Amino acid sequence: MKYSDSVSSSRRKSRKAHFAAHSEARRKIMSANLSKELQARHNVRSMPIRKDDEVVITRGVYKTREGKVTAVYRKKWVVHVERITREKANGASVNVGIPASSLTITKLKMDKDRKQALERKSRSKEGKKEDVAMSNVD
């Protein structure tokens, strides 16, 4: 079912828009869920991932491994996590790319922009909760 007239519901166009997205759009798409404690503290479910966040891997071969984000490789849609590496045939060690959706953020690297984003997101959530609470009143 189509909800918005300004956005196409075509699979072909959606995929093209996703894979041709510019870096700032990819930042937003490459978001990860916050841990339950962070969700409760900040009243926010997910945030765009960034370098120096601490994460736990929730899917795949490296499930339950923890580490700090060393790089967010937007061009390849992956995140590199500390100590998550594999050996190449020639013996060299390389970082393994983990999709951002397979991560849970356990500790945020805070700065003023991140703090503002959390406040903005939590405020918009509070407004929606009040609307729901008022709709139940009869």
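Me: Two strands count as paired if DSSP finds at least two bridges between them. With that in hand, what makes β1 and β7 a pair in this predicted model?

Reply: Strand β1, residues 31-34, is joined to strand β7, residues 103-107, by 2 bridges. The cut-off is at least two, so β1 and β7 pair. The two strands run parallel, and Leu34 has Ile105 as its bridge partner in β7.

Me: How do you know that β3 pairs with β7, and do the two run parallel or antiparallel?

Reply: Here 4 bridges link β3, residues 54-57, to β7. Since at least two are needed, β3 and β7 are a pair, and they run antiparallel. Within this pairing, Val56 stands opposite Thr104 of β7.

Me: Let's turn to a loop. Why is Ser102 called buried rather than exposed?

Reply: Ser102 has a relative accessible area of 12%. Ser102 sits in the loop between β6, residues 93-98, and β7. Leaving out residues up to four places away in sequence, Ser102 touches Val56, Ile57, Thr58 and Arg59.

Me: And what makes Lys88 partly exposed?

Reply: The relative accessible area of Lys88 is 41%. Buried is under 20% and exposed is over 50%, so Lys88 falls in between and is called partly exposed. Lys88 belongs to the loop between β5, residues 78-87, and β6. Lys88 and Lys63 lie 25 residues apart in sequence, and their C-alpha atoms are 21 Å apart in space.

Me: One last topic, the largest pocket. How many of its lining residues are charged, and what makes them count as such?

Reply: The lining has 5 charged residues, along with 3 nonpolar and 2 polar ones. Glu, Lys and Arg belong to the charged class, so Glu24, Arg27, Lys28, Arg120 and Lys121 from the lining count as charged. The pocket has a volume of about 250 Å³. Two or more lining residues come from each of α2 (23-29), β2 (46-48) and α4 (112-135).

Definitions and conventions. Residues are numbered from 1 along each chain as its sequence is written. This is a predicted model: local features need pLDDT of at least 70, side-chain atom pairs count only at pLDDT 80 or more; totals for chains, interfaces and linings use all residues. Side-chain values use heavy atoms; hydrogens and water are left out. On a 1 Å grid over the protein atoms alone, a cavity is a set of points where a 1.4 Å probe fits but cannot get out, and a pocket is an open set with protein on both sides within 12 Å along at least five of seven lines; lining residues have an atom within 4 Å of a point. Grid points are joined across faces, edges and corners, and a volume is the space filled by probe spheres set on the points. Buried means under 20% relative accessible area, exposed over 50%, partly exposed in between (1.4 Å probe, protein chains only). Contact means heavy atoms within 4.5 Å.
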